[in-house]
Protein chains: 2
Amino acid sequence: MTEQTDAQLRDYAPHDGSDASTSLDDDNRLLPGFVSQVCNALDEGEEETVYDLVEPLHPADIADLFELVQREYRGPLARAITDLLGADVLTELNDYVRDDVIDALPAAQVAELAGQLETDDAVAIIEEMEEADQRAVLAELEPADRAAIVDALSFPEESAGRLMQRDLVAVPEHMNVGQLIDYLREHADLTTEFWEIFIVDPQHRPVGTCQLSWILRTPRHIALADVMKRDQTLIPTDMDQEEVALRFQKYALISAAVIDGAGRLVGQITVDDIIHIVQEEAGEDILRMSGAGEGDINEPIRQSYSSRVRWLIANLGTALVASSIIALFGGAIEQLVALAVLMPIVASVGGNAGTQTMAVAVRALAMNQLTESNTRRIVARELRIAVLNGATVAVLTGIGTALVFADVMLGGVIAVAILVNIIIAGMAGVIVPVTLDRLEQDPAVASSVFVTMITDSMGFLAFLGLAVASGLASF
Amino acid sequence: MTEQTDAQLRDYAPHDGSDASTSLDDDNRLLPGFVSQVCNALDEGEEETVYDLVEPLHPADIADLFELVQREYRGPLARAITDLLGADVLTELNDYVRDDVIDALPAAQVAELAGQLETDDAVAIIEEMEEADQRAVLAELEPADRAAIVDALSFPEESAGRLMQRDLVAVPEHMNVGQLIDYLREHADLTTEFWEIFIVDPQHRPVGTCQLSWILRTPRHIALADVMKRDQTLIPTDMDQEEVALRFQKYALISAAVIDGAGRLVGQITVDDIIHIVQEEAGEDILRMSGAGEGDINEPIRQSYSSRVRWLIANLGTALVASSIIALFGGAIEQLVALAVLMPIVASVGGNAGTQTMAVAVRALAMNQLTESNTRRIVARELRIAVLNGATVAVLTGIGTALVFADVMLGGVIAVAILVNIIIAGMAGVIVPVTLDRLEQDPAVASSVFVTMITDSMGFLAFLGLAVASGLASF
């Protein structure tokens with residue numbers, strides 16, 4: 001595939017953030033005035049004005065523009081600036097927004113665009129399409145491009161096989177630096193998107209990697225085998241993209257060889273694709289922990305509703321457990337209504353403490369920092385923090401309550417209940433996600449429901465139970 | 001500085017994940033058995049055994065080992081394997097763990113290690129040290145290295161100036177490809193860590209960038225000015241690292257030129273440093289939103305305590321507001337204890353709905369997706385989702401309550417209260433973070449407290465207020 005698209009060959013003004021551009025603000029975001037100018041022109045049907053406005057933008061900013069305008073403008077905008085819709089714009093688009101744009105274009109044009117893309121980017125576009133549209137686009141592609149894409153689609157979603165690009169530079173071990181440079185100059189059809197070259201044995205298995213800077217620094221007669229680094233991170237095609245991203249971070253990689261089951265080099269993954277995955281995966285946890293599904297602001301409302309309402313209903317279930325515990329103490333509350341006034345405090349600080357610990361544990365698990373080797377140590381650490389936090393909050397609340405209600409016993413009861421609940425919260429906050437992780441479940445997804453149920457129930461149980469036990473009220 | 005450290009020149013076995021290594025598990029994490037073997041040898045004082053065990057590990061795994069062992073083992077481990085402590089190990093270490101390791105080594109050795117590092121990595125180590133230690137290490141450094149580090153330390157923390165490395169390749173416009181290659185071969189002291197070449201004008205201002213692959217593909221007589229890309233992303237030294245990371249993602253950069261106030265090229269930032277920042281910044285939001293401070297499992301307990309207890313006390317404050325509202329309705333609760341049993345449900349689902357929306361808004365703000373141009377649209381979107389979610393949960397809870405308590409009016413009251421609270425939660429969940437962002441505050445840090453206060457208070461107020469208004473109970 002040819003990576004040098006029109007968009008890449010065009011020159012743009014430097015964008016250094018301090019640049020007083022008319023379309024970007026200080027934070028490099030499109031100005032609202034510019035966006036509404038484009039929308040107004042689209043309303044008036046002035047396609048040429050739209051084109052002239054958008055033409056000076058960098059492809060990444062054109063992508064932003066599509067995301068910022070309302071959905072109904074995306075089709076007309078795509079048709080007005082079709083010439084500017086290079087591969088660079090498409091790869092930067094949010095998945096949902098890209099669907100809107102692609103839907104507005106005829107299959108032949110989508111195929112032409114897909115042909116310009118690297119395999120992984122073309123796959124990202126085509127995998128999201130309806131099957132009929134997929135077939136239409138595939139039929140329009142060049143046979144070699146089509147084969148590469150069909151092959152990529154045969155790997156599981158979010159695997160290295162989907163992520164890799166097939167275009168790479170691989171040369172045999174016996175070459176020297178001069179031969180390599182000549183080979184690169186003579187083969188105009190080779191990709192330009194490579195940062196390292198791979199050295200392979202006769203079975204096409206990678207044996208080493210060479211940074212381009214090493215090649216440029218080395219005299220022509222030196223053998224590649226003497227410059228290359230034999231230490232390589234090889235990525236099997238079926239490795240999950242999250243795992244691939246962790247390898248890139250751990251070993252500070254710029255690119256990595258992807259190998260098939262027989263150890264043969266079949267593709268490469270480059271860091272520019274990884275950085276998006278790191279952003280996504282690291283950011284996903286906050287959305288999962290709060291039960292917000294994908295949490296994409298461009299997601300259709302129906303989908304957002306269905307992923308969120310599920311967790312609200314689960315939350316309703318856990319709230320019912322807490323309610324049943326309160327119901328047990330109905331008599332006590334009737335006798336001493338202060339219990340009803342104070343009980344949410346115990347549950348609330350417990351829930352907060354649990355969420356703190358859980359966030360820490362979920363992050364540490366995601367980054368492979370919390371493993372079997374140090375779980376006991378981290379649990380002990382969280383216990384100590386919980387005792388300190390619990391004692392502080394318990395003393396504050398206990399004294400406050402004793403003063404406001406002129407009841408020392410009530411102050412003592414709430415203090416002990418808070419201490420107990422924060423300790424339970426701290427333990428649950430680390431043990432629940434670690435257990436889910438051991439069971440090969442995503443700790444970010446389900447931990448919240450369990451931890452909240454535990455801190456709510458235990459908060460009410462400890463407070464109301466202690467109130468009864470201490471004789472403040474009876475069942 | 002010389003980047004080719006001993007550690008980089010050594011060869012390791014390929015680590016492809018499927019490799020049945022004796023020290024790593026399937027997920028590329030060190031096996032607990034291996035870690036305790038090392039600890040046992042340290043207990044026995046068998047430094048040679050420790051060395052032999054650790055020697056075959058990749059530097060990134062040695063870094064992991066330091067993080068996995070208990071704190072008291074870190075000093076002895078550092079002393080046992082000092083030879084293996086290359087720059088690669090140090091740069092991969094967690095900040096807190098690195099402090100433990102550095103503390104165990106004499107200043108001269110730290111200086112030697114710092115001299116091997118790229119400026120940005122050396123700065124990362126030295127900026128964390130006590131002032132006296134800093135001076136001791138700086139005194140041991142080569143003058144050129146010392147000057148570079150002192151200069152870097154003059155920039156604000158987390159700015160591009162701190163992040164950049166000074167070693168780069170910059171050449172004048174009039175060079176051709178052949179001259180550049182000869183220049184690179186002749187200057188053995190140049191860095192090997194570069195992926196692009198910067199072309200500068202006589203005032204040393206960057207005018208273009210050249211990927212190394214383009215240079216390797218181009219005949220010797222072609223002028224660099226004809227191969228280079230004039231479109232550049234220039235990073236001012238004072239740009240915040242989060243902003244730098246967003247530019248790298250938006251424009252898919254491998255490296256970028258850093259310029260001073262006069263537009264002169266003073267350094268470069270490479271993507272391997274950015275990927276850590278993306279991971280950190282994207283992961284930070286979950287920790288900030290839950291009030292867990294830095295949330296690093298290696299942070300000293302005292303620090304974790306102080307950052308977390310602050311938020312628990314803030315949470316206590318918001319819980320008091322909710323309690324005061326309940327106190328207003330003390331009489332009503334005495335008359336109908338079911339109100340006390342049910343009221344936490346209303347607050348709980350409201351809180352959950354608020355957190356969902358807030359997580360979505362915080363992510364979108366962090367990624368520059370939620371800007372002035374589309375705020376109204378996103379608020380409208382969240383309102384529609386809130387109405388759908390609220391209606392669903394309200395109907396379920398209303399019917400359930402009416403049946404369990406055999407009281408249709410009570411069912412109606414809780415249903416309306418839940419619908420109202422989820423709608424308020426949805427609006428607060430997006431408006432609070434957006435407002436904080438407009439006020440230049442970090443929306444992840446403070447949103448939770450406000451949103452929880454709103455959903456708790458409004459939940460109790462709506463439910464208890466409606467119960468009184470509908471005549472179920474009186475003040």
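Select A:S447 first: apart from neighbours within four places in sequence, A:S447 is in contact with A:M358, A:V432, A:P433 and A:L436, where contact means heavy atoms within 4.5 Å. This is a predicted model, in which local features need pLDDT of at least 70 and side-chain atom pairs count only at pLDDT 80 or more, whereas totals for chains, interfaces and linings use all residues. Residues are numbered from 1 along each chain as its sequence is written, chains are lettered from A and ligands numbered from 1 in the order in which they are written, and side-chain values use heavy atoms, with hydrogens and water left out.

Stay on A:S447 and display helix 23 (residues 443-469) of chain A, in which A:S447 has its place; helices (H or I, at least four residues) and strands (E, at least two) are DSSP runs, numbered from the N terminus. Is A:S447 buried or exposed? A:S447 is buried, because its relative accessible area is 0%, and buried means under 20% relative accessible area, exposed over 50% and partly exposed in between, with a 1.4 Å probe and protein chains only.

Now colour chain A by domain, using domain 1 (6-156), domain 2 (170-285) and domain 3 (290-469); these bounds come from an automatic or database domain assignment. Taken over C-alpha atoms, the centres of domain 2 of chain A and domain 3 of chain A are separated by 47 Å.

Next select residues 228-286 of chain A, which the unreviewed UniProt entry annotates as "domain: CBS"; such annotations may be inferred rather than shown by experiment. The end C-alpha atoms of this span, residues 228-286 of chain A, lie 41 Å apart, and the span is 44% helix and 22% strand.

Show the open sheet of chain A, where 3 strands lie in the order 4-5-6 with mixed pairing; two strands pair if DSSP finds at least two bridges between them. Its edge strands, each pairing on one side only, are strand 4 (235-236) and strand 6 (265-270) of chain A. Helix 16 (residues 241-250) of chain A packs on this sheet, touching strand 4, strand 5 and strand 6 of chain A, and its direction makes about 70° with that of strand 6 of chain A.

Zoom in on strand 5 (residues 255-259) of chain A, which runs parallel to strand 4 of chain A and is joined to that strand by 2 bridges. Here A:I235 stands opposite A:V258, and A:P236 has A:I259 as its bridge partner. Strand 5 and strand 6 of chain A pair in the antiparallel sense over 5 bridges, with A:V258 opposite A:G267, and in their hairpin, which has 5 residues between the strands, A:G263 takes a positive phi near 85°.

Colour strand 5 of chain A by burial: 5 of its 5 residues are buried, so the strand is largely enclosed by the rest of the structure. From this strand A:S255, A:A257 and A:I259 point one way and A:A256 and A:V258 the other. In a regular strand the side chains alternate between the two faces of the sheet.

Finally, move to chain B and select strand 4 (residues 234-236), which runs parallel to strand 5 of chain B and is joined to that strand by 3 bridges, B:L234 having B:A257 as its bridge partner.

Conventions: Axes fitted to C-alpha atoms, helices over the stretch in contact; angles between N-to-C directions.
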